[in-house]
Amino acid sequence: MKQLLHNATITDANDSFKGWLLISDGIIEAIGCGDAPARLIDDETVSVTDCEGDIIMPGVIDTHVHFRDPGLTDKGDIASESRAAVAGGVTSYIDMPNTKPATTTIKAWNEKMNRAADVSVANYAFFLGATNDNLDELLAADYSRVPGIKLFLGSSTGNMLVDNDDMLSRLFAQSPAVIAVHAEDEATIKANRATIESRYPQGEVPIELHSVLRDRTACYKSSKHAVDMARRHGARLHLLHISTLEELELLEPGDTATKRITAETCPHYLIFNEGEYLAKGARVKCNPAIKADTDRQALLRAVKEGLVDTIATDHAPHLPAHKEGDLFTAASGMPGVQFSLPVMLSLGIDLRTVSRLMSGNPATLYGIAGRGYIKEGFAADLVRVKTLDTSVAITDNDVISKCGWTPYDGTRVNHRVITTWVNGGIAFDNGTLSDRSYATPLSFEHN
């Protein structure tokens, strides 16, 4: 049956207007301004939804998640985390390779694709991860199905640090797709750790020193190294989760479609600063570290001005027990996929900018065909969002992710996800998850 959504505020990166749209066979068949045609409203073969003035946006494309599947599924898995995703208006995701085993071979990538086909309720794709010795494997991949190559230039979950200069040069010279980089300088972090360890007893190092351990120098030095290599070889580089004012100096404004060097930041870098360590402890411990309020403000300006290209969550769930301990023992990483859209919409950023950062630009950057915008002929990956008269607080009780907590507990938002459509199928509606999956694998057209 066709679906008519009318009396809506239809918004994507390019436009925002009062109007209607018609969904047929998972595709946006027609779009119009103003009132929907009476012939559609009266057609008994059309399912009609009065959106009551609510926002209809393209579904969020979260290009940076860690769904922990395989090998770390006590924290989360593709089934649980994709359900958290659609509850937050996320219709597509790209998962990172630092699982167990790591997704550094085509065989491991295929196994994750098969797993997602069985259990995911959001559209899916998986990065291949670089190591010091798997370049041949990376070059043999089918990049119409693989979004890009994930490169760790700093150690994080999964022990995938690449520190072989010859491998790095060859990768940047030969990669046929986007190189998405976690950039933190390992030597700087090790030196900082030695200094901290000399001052505090073992097991008693305060969490609030995380931004000292993984400081702005570590971020800027590594990001600059990646940018220099990309420029030297003409590679397509995407800097992940930038967290500092200084890293913005490496970027240029402009159209994401034509830039060779782009950047992502995350909602937690836009809403939190390092003062949150005292209040929230390891709940806000992540890599790279949340830093000063001057960094937060600079990143927020860069988001509004178009210097930053995409917003992604770096969704990385851990069980509460894993977040206990001191600076060196509490796990780094936090869940975020369920609340990223309401948080972003509550930061005073206009609707079109949020849609550009979270849907349009991710689709453009990775060449995701037929998604990210509200256009005739595009997939009906959509989210209905209500603007609330009174703000509400996010709480741990709202969490669908297997880990059962959120760093946004207590954060007030003034938007709520009402309905999420994945390829035209209703995956989430008024607090209820569908027992069906409408998900498909993403495809890519790399420049």
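Start with Lys2, which is partly exposed at 32% relative accessible area (buried means under 20%, exposed over 50%, partly exposed in between, with a 1.4 Å probe and protein chains only). This is a predicted model, where local features need pLDDT of at least 70 and side-chain atom pairs count only at pLDDT 80 or more, while totals for chains, interfaces and linings use all residues. Residues are numbered from 1 along each chain as its sequence is written, and side-chain values use heavy atoms, leaving out hydrogens and water.

Lys2 pairs up with Glu29 in a salt bridge, 3.2 Å from N to O (a side-chain nitrogen of Lys or Arg within 4 Å of a carboxyl oxygen of Asp or Glu). That links distant parts of the chain, with Lys2 in strand S1 and Glu29, 27 residues away, in strand S3 (helices, H or I of at least four residues, and strands, E of at least two, are DSSP runs numbered from the N terminus). Glu29 is partly exposed too, at 36%.

Now look at Arg214 and Glu184, whose closest N and O atoms sit 2.5 Å apart in another salt bridge. Both residues lie in loops, so the pair ties together parts 30 residues apart in sequence. Arg214 is buried at 9%, and Glu184 is buried at 0%.

On to the inside: the largest nonpolar core has 98 residues, with Phe172 among those making the most contacts within it (such a core is a set of buried Ala, Val, Leu, Ile, Met, Phe, Trp, Tyr and Cys residues joined through side-chain atoms within 4.5 Å). Helix H2 gives the most to this core, six residues.
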